[in-house]
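Please read them with the structure open.

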Amino acid sequence: MEKKLRAGVLGATGMVGQRFITLLENHPWFQVTVVAASPRSAGKTYEEAVGGRWKMDTSMPNRVKNLVVMNVNEVEKVSAEVDMVFSAVDMSKDEIRAIEEAYAKAEVPVVSNNSAHRWTKDVPMVVPEINPEHFEVIPFQKKRLGTKRGFIAVKPNCSIQSYAPVLTAWKEFEPYEVVATTYQAISGAGKTFKDWPEMVENIIPYIGGEEEKSEQEPLRLWGKIEDGEIVKAAEPVITCQCIRVPVLNGHTAAVFVKFRKKPDRKQLIEKMVSFKGLPQELELPSAPKQFIQYLEEDNRPQVRADVDFEKGMGISVGRLREDTVYDYKFVGLSHNTLRGAAGGAVLCAELLVAQGYMKAKE
């Protein structure tokens with residue numbers, strides 16, 4: 001790429017915003033030129049605004065420490081300084097919908113980690129290896145918004161990354177009924193053990209709104225564009241339980257599947273490990289070379305051993321076996337703040353650039 005795109009991070013002081021900052025350090029296609037947050041952080045340097053709340057394992061990049069935080073609500077001012085923005089704002093859903101649309105109408109493409117626009121019918125919600133064709137809805141969205149270059153694209157919930165790619169790899173065998181239980185890390189709530197000590201040695205069997213997302217969002221990934229809108233698929237029917245567990249990073253899922261065309265175990269493993277998509281074909285900067293790995297050991301995948309597979313952008317699967325009630329069952333693992341959050345959004349942005357949907361302002 002001749003010229004890096006100037007990227008803004010909205011909600012830059014929060015945990016996902018911090019992850020965006022670390023992932024975009026030395027990125028070959030994007031350079032963070034703006035960090036924006038709430039009015040209480042505006043006017044401070046990024047280092048001052050974050051203070052003692054830096055939650056990443058790596059140090060804060062020197063290049064952003066002295067960037068002055070802009071007020072995320074000053075849309076025109078921020079928009080003048082960027083070619084596109086990554087959104088990780090912490091607001092109500094109505095406020096998020098409004099501010100992301102305001103940036104899009106200011107002719108700034110928005111790649112969002114938030115859930116607010118995941119069911120807006122002309123907003124693509126994409127896992128780049130699964131449904132890149134959904135970006136084709138963007139021209140319809142631009143027409144509705146009255147924009148030339150501004151639009152919104154989102155990535156799905158972190159909880160589905162450990163099993164939706166696997167079910168996609170098995171599509172030809174027609175999975176039609178799925179039971180999944182997800183065991184979700186505390187970073188999915190933007191927390192560490194330091195600021196959530198009650199999670200140490202504890203399990204909470206409820207995460208607000210998570211079960212509906214885990215059941216419905218995969219169906220939107222597998223949906224089709226009809227009359228300028230994304231219409232979700234009808235199958236497979238998914239029922240899910242979501243449990244918060246004392247793990248910092250890494251969402252694990254225990255999954256049971258029924259198929260119309262029953263495959264054998266060897267076929268299922270072969271389809272998983274050979275599954276790839278446009279990010280692999282285009283060799284995008286954040287794309288894992290191996291999207292899904294299969295581990296034969298009985299005690300894998302494990303968070304400690306496997307969550308950082310392919311720099312946290314790959315999926316690890318194990319314990320695939322026949323079931324007495326369902327056809328097969330397996331355990332999947334994904335990194336919730338990398339593949340499931342900021343990393344997934346950066347990969348979406350890379351594909352949008354590669355396909356010509358985003359470029360530097362003229």
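1. The lining of the largest pocket in this predicted model is made up of 19 polar, 15 nonpolar and 13 charged residues. That lining comprises 47 residues, and those nearest the pocket centre are Val 16, Ala 88, Val 89, Asp 90 and Asn 114. The pocket has a volume of about 1,100 Å³.

2. Which helices each supply at least two residues to the lining of the largest pocket? They are helix H1 (15–24), helix H5 (93–105), helix H8 (210–221) and helix H12 (338–354). Helix H1 gives the most, with 3 residues.

3. The second largest pocket holds about 900 Å³ of space. Its lining counts 35 residues, with Leu 23, Glu 310, Lys 311, Met 313 and Leu 338 closest to the centre. Two or more lining residues come from each of H1, helix H10 (278–282) and H12. H1 provides the largest share of this lining as well, with 4 residues. By residue class, the lining of the second largest pocket has 15 nonpolar, 11 polar and 9 charged residues.

4. Turning to the sheet: six strands form an open sheet with parallel pairing, in the order S3-S2-S1-S4-S5-S6. Strand S3 (70–71) and strand S6 (152–154) are at the edges and have a single partner strand each, so one side of each has no neighbour in the sheet. Within the sheet, strand S4 (residues 84–87) and strand S5 (residues 110–112) run parallel and are joined by 3 bridges. Ser 87 is placed opposite Ser 112 of S5.

5. The count of aromatic pairs in the model is 10. One of them is Phe 30 with Phe 86, an edge-to-face pair with 5.7 Å between centres and 80° between the planes. Phe 30 belongs to strand S2 (residues 30–37) and Phe 86 to strand S4, so that this pair links parts of the chain 56 residues apart. Both Phe 30 and Phe 86 are buried.

6. A further edge-to-face pair is formed by Trp 170 and Phe 330, at 5.3 Å centre to centre and with 85° between the planes. This pair also links distant parts of the chain: Trp 170 is in the loop between helix H7 (164–169) and strand S7 (175–184), Phe 330 is in strand S14 (residues 328–334), and the two are 160 residues apart. Trp 170 has a relative accessible area of 0% and is therefore buried. Phe 330 is at 2% relative accessibility, which is under the 20% cut-off, so this residue counts as buried too. Ring pairs join Trp 170 and Phe 330 with Phe 173, Phe 259 and Tyr 328 in a cluster.

7. Two charged side chains sit over aromatic rings in the model. Arg 220 lies over the face of Trp 119, 5.8 Å from the ring centre. Lys 258 has its charged end over the ring of Tyr 326, at 4.8 Å from the centre of that ring.

8. Some backbone geometry deserves a look. Most peptide bonds are trans, and most residues other than glycine have a negative phi. Against that background, Glu 235 and Pro 236 are joined by a cis peptide bond, with omega about 0°. Pro 236 is in the loop between strand S9 (229–231) and strand S10 (237–244). A cis peptide bond also joins Arg 300 to Pro 301, with omega about 10°. Pro 301 is found in the loop between strand S12 (292–295) and helix H11 (303–306).

9. Where do the residues with positive phi lie, taking Glu 174 to begin with? Glu 174, which is not a glycine, has a positive phi of about 60°, and its place is the loop between H7 and S7. Its relative accessible area is 30%, so Glu 174 counts as partly exposed. Arg 319, also not a glycine, has a positive phi of about 55°, and this residue lies in strand S13 (residues 315–322). At 37% relative accessibility, Arg 319 is likewise partly exposed.

Key. Residues numbered from 1 in each chain as written. Predicted model: local features only at pLDDT ≥ 70, side-chain atom pairs only at ≥ 80, totals over all residues. Heavy atoms only, no water. Pairing = 2+ DSSP bridges. Phe/Tyr/Trp six-rings, centres within 6.5 Å; stacked < 30°, edge-to-face > 60°. Buried < 20%, exposed > 50% of the residue type's maximum accessible area, 1.4 Å probe, protein only. Lys NZ or Arg CZ within 6 Å of the ring centre and 35° of its normal. 1 Å grid on protein atoms, 1.4 Å probe; cavity = no way out; pocket = protein on both sides within 12 Å on 5 of 7 lines; lining within 4 Å. Points joined across faces, edges and corners; volume = space filled by probe spheres on them. Nonpolar A, V, L, I, M, F, W, Y, C, P; charged D, E, K, R; others polar.
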